[in-house]
Amino acid sequence: MDKERVEKLVRELIIEIGEDPTREGLRETPDRIANMYKEIFEGYDSDSELSVQFSEDSDVVIARDIQFYSMCEHHMLPFFGKIHIAYSPNGRVFGISKLVRLVEKYSKRLQIQERLTKNIADELFAQGVKGVVVLADAEHLCMKMRGVRNDATLSSSAFRGIYEKKEEKAGIMTLIRKRASDSSF
């Protein structure tokens, strides 16, 4: 990202909306916005590091409530929420932080929730696991603060491999939706 160019564009935007980019509260805004964009869009250059795997088998691994923040590609407003990932290893498990890195790789881009869910499932399934489920629940500021102005949340899901079968899908959904306080399997 060309930081200086972004700063110039933000300065022009400030002028176009009718503000004075030289006034005290706005003088450093172009720099702050450029730094913020570098951080919140770092998913284009990130690696999920799914190559970090260990020889171990398990019936299912579930990571619940992975927080994410993304930017709607239609209005460039934030959407945010939690992603739940379940996968059935095929003799190897991933380092535990790698699922979070995978979510960050795709959420830190201009995105739509449905594609975010699909991208995560596809990359994980491409690693040779038996099956993957990705569930995403999110709030969208593009819907809350403009347009219909509604507090609805959106849920999306992606099923790959063994979890595409109806009976497997039902069982894994029950496990994913269980809360930590009810840890009996």
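Strands β2 (residues 61-72) and β3 (residues 78-88) run antiparallel and are joined by 9 bridges; two strands count as paired if DSSP finds at least two bridges between them. Within this pair, Gln-67 stands opposite Lys-82 of β3. The hairpin has 5 residues between its strands, and Met-76 takes a positive phi near 55 degrees there. Strand β2 also pairs with β5 (residues 110-111), in the parallel sense and over 2 bridges, with Met-71 opposite Leu-110.

The model is predicted: local features need pLDDT of at least 70 and side-chain atom pairs count only at pLDDT 80 or more, while totals for chains, interfaces and linings use all residues. Residues are numbered from 1 along each chain as its sequence is written, and side-chain values use heavy atoms, with hydrogens and water left out.

Gln-113 counts as buried because its relative accessibility is 1%, where buried means under 20% relative accessible area (1.4 Å probe, protein chains only). Its side chain makes a polar contact (N or O atoms within 3.5 Å, one able to donate a hydrogen and the other to accept it; residues adjacent in sequence count only if both atoms are side-chain atoms) with the side chain of Ser-156, at 3.2 Å. Leaving aside residues up to four places away in sequence, Gln-113 touches residues including Phe-79, His-140 and Leu-154 (heavy atoms within 4.5 Å).

Overall, the protein chain has 6 helices and 7 strands, defined as DSSP runs of H or I with at least four residues and of E with at least two, numbered from the N terminus. Of its 185 residues, 37% count as buried.

How values were computed: Buried means under 20% relative accessible area, exposed over 50%, partly exposed in between (1.4 Å probe, protein chains only).
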